[in-house]
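I opened my notebook today to look up a few things in one protein model. Come and read along.

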Amino acid sequence: MPNIVLFSGSSHHDLSQKVADRLGLELGKVITKKFSNQETCVEIGESVRGEDVYIVQSGCGEINDNLMELLIMINACKIASSSRVTAVIPCFPYARQDKKDKGFFDIAVDNLYAEPAVLQWIRENIPEWKNCIIVSPDAGGAKRVTSIADRLNVDFALIHKERKKANEVDRMVLVGDVKDRVAIMVDDMADTCGTICHAADKLIDAGAVKVYAILTHGIFSGPAISRINSAPFEAVVVTNTIPQEEKMKACPKIQVIDISMILAEAIRRTHNGESVSYLFSHVPL
């Protein structure tokens, strides 16, 4: 594609390379380093004058450093007279915190969804999916699971949880019948995994024959891996918005859905001035 440059930040180079490969592009030359006082320095290694620039940087790892690196890269491209700079952020940092102004921008934003890729994975990898039930591990995810259940034409259930404080669940109540069914938990992210592992035990106790968890963002911090290894999951499936190679070595239950084709198609459509709404319900080839 003419007049387009794709750069990778340092947070998830593998995903950036997959996106570049799907677009038939070479990743742009960029050098990131730190000064002795730990300030981030970014050097753009090629001309971006008049170009449509896309920077892939996920909100993972050293989140604050990576966010600052992204902002510096955007500023460097703007100073170098690029025609437009678009940030491609597979995992949006700080989105999990409750803020009244969350989600409001004064620039154009396209929110991409993993749901089409999740539906495809379920149909291709769970032989008993027609006898499954989609489960939300909390009431806040009810809209998400009803959408997936409707598109699969199956039932849904939810788990009502009461928290004493963040990352600590006090009590869980299952609403729905999972007896003799394959239970598929769906959530936007999992961090320490206390909730989903507790929920998996609850589903097995309620008569589910198998339990899967499908999560958009697998953060897996603290005791998450040991909890998953001990929990009754058939598989814990995440997208590759966050690097998972090391976590997969420590936990064979973790499987990954590649979403590079969604990001690549979103970039292509944005560059060509086309609508990205097609991606809300379809997985591009």
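**Ground rules.** I am working with a predicted model, where local features need pLDDT of at least 70, side-chain atom pairs count only at pLDDT 80 or more, and totals for chains, interfaces and linings use all residues. I number residues from 1 along each chain as its sequence is written, and side-chain values use heavy atoms, with hydrogens and water left out.

**The sheet.** I looked up an open sheet of three strands, in the order S1-S4-S5 with parallel pairing. Strands here are DSSP runs of E with at least two residues, helices are runs of H or I with at least four, and both are numbered from the N terminus. Two strands pair if DSSP finds at least two bridges between them. At the edges I noted S1 (4-8) and S5 (84-88), each pairing on one side only. S1 is joined to S4 (residues 52-56) by five bridges, and I saw Phe7 opposite Ile55 in S4.

**Helix H4.** Which residues of H4 (residues 142-152) are buried? I listed Val145, Ile148, Ala149 and Leu152; buried means under 20% relative accessible area, exposed over 50%, with a 1.4 Å probe and protein chains only. They lie on the same side of H4 because they cover an arc of only 100° around the axis, taken from the directions from the helix axis to the C-beta atoms. On the other side of H4, I found Lys143 and Asp150 exposed. Asn153 follows H4 and has a positive phi, near 60°.
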